[in-house]
Structures are given as C-alpha cells and as structure tokens.
Amino acid sequence: MEKIRCGWCEKDDLYRKYHDEEWGRPVFDDRTIFEFLVLESFQAGLSWYTILSKRENFRKAFDNFDYRKIAGYSDAKTEGLMQDPGIIRNRLKIKATVNNAQRFMEVQEEFGSFSEYIWAFVGGKPLDNMPETLSDIPAVTEVSDALAKDLKKRGFKFMGSTVVYAHMQATGMVNDHLKNCFIRW
C-alpha cells in the first residue's frame with residue numbers, strides 16, 4: 001500500500017525524504033533552528049527545492065551553520081562566499097546571515113537559548129492547523145506576523161512573515177501535514 005503524503009512533496013526523492021524525515025518535526029536544538037533560519041532566508045524569492053538541492057553546499061560554506069563562527073566572519077570571508085557556486089551568491093543574504101548569527105546569540109543571551117525564545121510564540125508546543133488540502137495551508141499567520149515583527153525589532157534581516165511561517169512549518173512549530181498524510185502526529 002502506497003503511503004499518502006502531503007501533495008507538495010511528490011516532486012521527487014529529495015522532497016519526499018525531506019518531508020518524511022524532517023519537515024514539521026519539532027526542533028528545539030539551537031544549531032538546527034539556526035540552519036533553518038539561514039536556509040529559509042536564502043529561499044526568499046526562490047523555490048525551496050533550489051535550497052534543498054544546495055543544502056550540503058550551504059553546510060560546507062557556512063561551517064555547518066555554526067552561528068558562533070558565522071557571527072565573526074570577516075569581509076574577506078563573506079567575499080569568498082560570493083565566489084562559491086554551490087550556494088546562492090546573494091551579497092545581501094550572505095551579509096544578513098552574519099548579522100543574524102550575531103542577533104541569534106544576543107537572543108540566546110537574553111533567553112538562555114534561541115529555542116526558548118522562538119517556541120514561546122506558540123506556547124512551547126506545536127500549533128495544529130489540521131489542513132485537509134494544500135489550499136488550507138496559509139502563507140502567513142498572526143503568530144508569524146508577530147514573530148517576524150519581533151525579529152525585525154531585534155535587528156534580524158530577511159525574516160518577513162512568509163519566511164518566518166515557512167520556518168515554523170519546517171521546524172514543527174506548526175503542524176501543517178495534511179489530515180491524510182501518513183506523517184501526521
């Protein structure tokens with residue numbers, strides 16, 4: 001019997017693997033949360049498939065998303081990233097990644113962990129939208145609006161409400177697996 005999945009992931013094996021093993025699973029580890037923040041910010045204006053297909057290159061280029069290292073990147077390092085054909089070579093997004101690593105650590109300092117900060121926006125547990133069809137899944141919500149506004153106030157870049165909502169979906173802050181998806185928890 002064939003497994004029923006959310007329709008967006010039927011494109012190919014890369015999407016199916018991501019859907020089956022990661023998407024929508026609650027993430028509380030700060031490094032992994034930072035990885036998704038970076039990937040989601042690079043995805044702005046592009047397809048998620050493009051980002052997923054370059055994910056390993058991003059990991060290599062950005063020191064496995066070690067935000068402590070990234071926060072200290074020099075101008076020479078960011079210029080070097082502009083020459084890396086394995087990633088999205090967008091100067092503003094690369095500089096935003098360095099900035100966001102610095103802001104990320106400031107939030108950790110204030111809240112003890114970035115996870116504590118971000119999960120507080122959903123009361124510490126995933127919100128469940130119980131969508132029946134892909135068209136039932138929103139692009140933004142009041143929660144993503146509030147989180148994006150707070151991130152912006154804290155100096156984060158490329159963290160609009162749509163990017164933030166995609167991050168919330170990816171890291172399981174919201175469960176948007178369709179009702180008939182075999183992954184639903």
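**Close-up views of a predicted model**

Figure 1. Cys6 is buried, its relative accessible area being 0%. The residue belongs to the segment that precedes helix H1 (13-21). When neighbours within four places in sequence are left aside, Cys6 is in contact with His19, Trp23, Asp176, His177, Leu178 and Cys181.

**Figure 2. The positions annotated as "binding site" in UniProt.** An unreviewed UniProt entry assigns this feature to Cys6, His19, His177 and Cys181. These positions gather at one spot, because no two of their C-alpha atoms are more than 10.3 Å apart although they span 176 residues in sequence. Cys181 is located in the segment after strand E2 (174-175). With a relative accessible area of 5%, Cys181 is buried. Apart from neighbours within four places in sequence, the contacts of Cys181 are Ile4, Arg5, Cys6 and His19; two of these, Cys6 and His19, also carry the UniProt annotation.

**Figure 3. The edge-to-face pair of Phe34 and Phe104.** The structure contains 19 aromatic pairs. In the pair shown here, the ring centres of Phe34 and Phe104 are 5.1 Å apart and the planes stand at 70°, so the arrangement is edge-to-face. Phe34 is part of helix H2 (residues 30-43) and Phe104 is part of helix H7 (residues 91-111); the pair therefore ties together parts that are 70 residues apart in sequence. Phe34 has a relative accessibility of 1% and counts as buried. Phe104 is likewise buried, with a relative accessible area of 0%.

**Figure 4. The stacked pair of Phe104 and Phe114 within an aromatic cluster.** Phe104 also pairs with Phe114, in a stacked arrangement with 4.2 Å from centre to centre and 20° between the planes. Because Phe104 lies in helix H7 and Phe114 in helix H8 (residues 114-119), this pair ties together parts that are 10 residues apart in sequence. Phe114 counts as buried, at 0% relative accessibility. Phe34, Phe104 and Phe114 are among the members of one aromatic cluster, which also includes Tyr67, Phe111, Tyr117, Phe121 and Phe156.

**Figure 5. A lysine charge over a tyrosine ring.** The charged end of Lys77 sits over the ring of Tyr73. Its distance from the ring centre is 5.1 Å.

**Figure 6. Contacts of Arg184.** Arg184 is placed in the segment after E2. At 18% relative accessibility, this residue counts as buried, since the category covers values under 20%. The side chains of Arg184 and Asn175 are joined by a polar contact of 3.4 Å. Beyond its neighbours within four places in sequence, Arg184 is in contact with Asp128, Met130, Pro131, Asn175, His177, Leu178 and Lys179. Of these, His177 is one of the positions annotated as "binding site" in the UniProt entry.

Figure 7. Glu132 is situated in the loop between strand E1 (127-128) and helix H9 (142-153). Leaving aside neighbours within four places in sequence, Glu132 is in contact with Leu178 and Lys179. The C-alpha atom of Glu132 is separated by 18 Å from that of Ala166, a residue 34 residues apart from Glu132 along the chain.

Methods. Residues numbered from 1 in each chain as written. Predicted model: local features only at pLDDT ≥ 70, side-chain atom pairs only at ≥ 80, totals over all residues. Heavy atoms only, no water. Phe/Tyr/Trp six-rings, centres within 6.5 Å; stacked < 30°, edge-to-face > 60°. Helix = DSSP H or I, 4+ residues; strand = E, 2+ residues; numbered from the N terminus. Buried < 20%, exposed > 50% of the residue type's maximum accessible area, 1.4 Å probe, protein only. Lys NZ or Arg CZ within 6 Å of the ring centre and 35° of its normal. UniProt positions renumbered as here; feature names shortened; annotations may be inferred. Contact = heavy atoms within 4.5 Å. Polar contact = N/O pair within 3.5 Å; in protein donor to acceptor, adjacent residues only side chain to side chain.
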